[in-house]
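Here is a short briefing on one protein model. Keep the structure open beside the text and look up each residue as you read.

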Amino acid sequence: MNMPTNDTRVSRDDDFATHRVAATAAATIAPLKLLYWSVRRELWENRSLYLGPPLVAGVLLFAVVANAIYDGGKADHLINSAIALDPTREAAVFGSLTIGSLSAITAMMLIITVFIVGALYCLDALNGERRDRSILFWKSLPVSDLITVLSKAAIPLVVLPLVALASIVGMHLCMLVFTSAVQLLYGQSGALPWTRAPFFQNALVLLYGLATLALWHAPIYAWLLLVSSWAKRSVLLWAVLPPLVLAAIEGITLGKSYFASLLAHRLGGSPADVFPFKMIDSKGGISPQISSLSELDPLTFLTMPALWGGLAFAAACIAAAVWLRRRREPI
Amino acid sequence: MACIHARGLRRHYGKNVALDGIDLNINEGRIVGLIGPNGAGKSTALNAILGLSPYEGELTVLGHNPWTARDQLMRDVSFIADVAVLPRWMRVSQALDYVAGVHPRFDRAKAAKFLAKTSIPSTASVRELSKGMAVQLHLCLIMAIDAKLLVLDEPTLGLDILYRKQFYDSLLNDYFDHQRTIVVTTHQVEEVQHILTDVMFINRGRIVLDSSMEHFEQRFAEVMVHPEQAAAARSRGPIHERQVFGRSIFLFDGATRDELAAFGEVRTPGIADLFVAVIGNEITETKSSKGVAA
């Protein structure tokens, strides 16, 4: 090595002890920074996390627009007759669906997509690193098992909801612009869809919905992470079979379906608990619209015992996954 | 100051004892070669030292309990496990970014300097690199970490002889500074002999030899003997004998060089030859003692 380094080494020898103490104090990286790099690392490895949802949004948007254009002749007629009947009525750019319900349907399809992406990610998150032996590399760096597992849990709980939000908002913006453009084409103001589907309010409602859904689904993701850290192979089977078997045993031996309905409520549940409206209105149409933000009721949601029970289960699963990651060796 | 201190370190998998209560004391500033046959317990011992697997007994590495404080320990320790374990999806630039992000003692400029000496393109992903290149990349990352303890478990596996030589030279010249401690295991014993300060033989989960190289050179001697003197040499109790070109080479433990000089030219044995002698004897001894017991 060259001379300057040797010089520093001599001075290091002089007050060796103090130097080491100072070096140790300086040589820590804040846990938040470790978490940040760990999450970035997950995104590098799993690009489908942030490319998948926008891609699906793009496909949905394409389908919606293509359908509207394909039905052009019919729409032409409908729009004209609608305007003739009631000039204040929103033009039927999307056939019989209003832009509001179309927004809701596409948003829900994307939320389901993101749920599937998150679940698949969790199944592989702690298993893949053991399968390809890269866990030995990760463990050679000063990142604790807790930080690692938390960074992986942050993907479905924080990152994916944000990706979903951005994708849905982007998709809806495009749909609104398209509707406005069509209406302008037919000599209307083009402002109507923006009042039918108020953009910023919908974005806020969506954010609220995604946040509550993430909390509601947290035990599912945590369970998948736990299975991923525990199982050597057939992770999906280990994740799905035990709850199903438990539900079946409960049904056969006790004749009850408490656990089964718990599972169903957890998987399909929360919107009814989170939002004051019914997804299916009295006429059988889908119209998940709220008129003002004050209708949102986070207090009811946050005081649900089922929510806190689920979060406690999630915390237990995460703790077990951390414990297992320390012990697990490459497969 | 002791870098690694172990008392009665044990690990067993079911009935199979991988580490049979070993005692270790490795001081700061040493380059220790841990030599043993396959399945001797080398990797088990290193995994315990690195906090990768649980163990019984007492173990302190740089003042930490490796099992409970692995993440703290890894600020001062770097290691390469016995196989190429860099994630295949990772790009070279991402590897640099990530290690720089999480490691307080990583010198990115230094890593880039080491990388520049190789033919690894910085845009490539590990998947696209040859096995040798992937190992090179890993070594570049590890050598740019200002660690107090470096553990290398078969670091040059799959590398050609040119790079192996270059690696050990670089380890000695660019990395080692007499305060760092290096523990290395390898099957290519002769290639590391000149860089080691200490050597340890491990067999069946036990340390069978633990010696500094100075002591090694004083203690062991090898002499090439003409056939007519072979019987006389044999009577002095060599620990090993082998035939080369019709002559016998005897390996002595604890004989002075002066008394051996009468038989022929005396020299320091290679670690590999001593290893064959010591471990080979162990195996025949256990076989014969088993025979007696039966």
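The largest cavity has a volume of about 120 Å³. It belongs to a predicted model. The count comes to three cavities of 30 Å³ or more.

**The largest cavity**

- Rolling a probe the size of a water molecule over the atoms shows where empty space is left.
- Which helices each supply at least two residues of the lining? They are H6 (99-125), H9 (145-185) and H11 (199-230), in chain A.
- H11(A) gives the most, with five residues.
- The lining includes Ile111(A), Val114(A) and Phe115(A). Pro156(A), Leu160(A), Pro161(A) and Ala164(A) are also among the lining residues.
- Leu210(A), Leu213(A), Ala214(A), His217(A) and Tyr221(A) line this cavity too.
- By class, 11 lining residues are nonpolar and one is polar. No charged residues are found in the lining.

- A nonpolar surface patch covers about 620 Å².
- Its residues are Leu236(A), Leu237(A), Val240(A), Leu241(A), Leu244(A), Val245(A) and Ile249(A).
- Take Leu244(A) as one of them. Leu244(A) sits in helix H12 of chain A, which runs over residues 235-254.
- Is Leu244(A) buried or partly exposed? Leu244(A) counts as partly exposed, because its relative accessibility is 48%.

**Salt bridges**

- How many salt bridges are there over all chains? The count comes to 25.
- Glu42(A) and Arg41(A) form one, with N to O at 2.6 Å. Glu42(A) counts as buried, at 1% relative accessibility. Arg41(A) is buried as well, with a relative accessible area of 4%.
- Arg131(A) and Asp124(A) form another salt bridge, their closest N and O atoms being 3.0 Å apart. Arg131(A) is partly exposed, with 48% relative accessible area. Asp124(A) is partly exposed too, with 31%.
- In chain B, Asp253(B) pairs with Arg219(B), and the closest N and O atoms are 2.8 Å apart. Asp253(B) lies in strand E12 (residues 247-253) and Arg219(B) in helix H8 (residues 213-219), so this pair ties together parts that are 34 residues apart in sequence.
- Asp253(B) is partly exposed, with a relative accessible area of 34%. Arg219(B) also counts as partly exposed, at 28% relative accessibility.
- Some salt bridges share partners and join residues into one network. Its members are Arg41(A), Glu42(A), Glu45(A), Glu129(A), Asp145(A), Lys152(A), Arg325(A) and Arg70(B).

**Positive phi angles**

- Most residues other than glycine have a negative phi, and most peptide bonds are trans.
- Arg133(A) has a positive phi, near 65 degrees. Arg133(A) is in the loop between helix H7 (128-131) and helix H8 (135-138) of chain A. Its relative accessible area is 29%, so Arg133(A) is partly exposed.
- Leu62(B) has a positive phi as well, near 50 degrees. Leu62(B) is in the loop between strand E4 (56-61) and helix H2 (70-73) of chain B.
- Is Leu62(B) buried or exposed? Leu62(B) is buried, because its relative accessible area is 13%.

**Chain B overall**

- Chain B has 11 helices and 13 strands.
- Its C-alpha atoms fill a box of roughly 65 × 40 × 35 Å, taken along the principal axes.
- What share of the 294 residues in chain B is buried? Buried residues make up 53%.
- Ser125(B) is one buried residue, with a relative accessible area of 3%. Ser125(B) is placed in the loop between helix H4 (108-116) and helix H5 (131-143) of chain B.
- Ser125(B) and Thr156(B) are 31 residues apart along the chain. Their C-alpha atoms are separated by 20 Å.

Technical notes. Residues are numbered from 1 along each chain as its sequence is written. Chains are lettered from A and ligands numbered from 1 in the order in which they are written. This is a predicted model: local features need pLDDT of at least 70, side-chain atom pairs count only at pLDDT 80 or more; totals for chains, interfaces and linings use all residues. Side-chain values use heavy atoms; hydrogens and water are left out. On a 1 Å grid over the protein atoms alone, a cavity is a set of points where a 1.4 Å probe fits but cannot get out, and a pocket is an open set with protein on both sides within 12 Å along at least five of seven lines; lining residues have an atom within 4 Å of a point. Grid points are joined across faces, edges and corners, and a volume is the space filled by probe spheres set on the points. Helices (H or I, at least four residues) and strands (E, at least two) are DSSP runs, numbered from the N terminus. Ala, Val, Leu, Ile, Met, Phe, Trp, Tyr, Cys and Pro count as nonpolar, Asp, Glu, Lys and Arg as charged, and the others, Gly among them, as polar. Patches are made of residues with over 30% relative accessible area and no salt bridge: like charges are joined within 9 Å, nonpolar side chains (Val, Leu, Ile, Met, Phe, Trp, Tyr) within 5 Å. Accessible areas come from the Shrake-Rupley method with a 1.4 Å probe; for residues, only the protein chains shown count as cover. A salt bridge is a side-chain nitrogen of Lys or Arg within 4 Å of a carboxyl oxygen of Asp or Glu. Buried means under 20% relative accessible area, exposed over 50%, partly exposed in between (1.4 Å probe, protein chains only).
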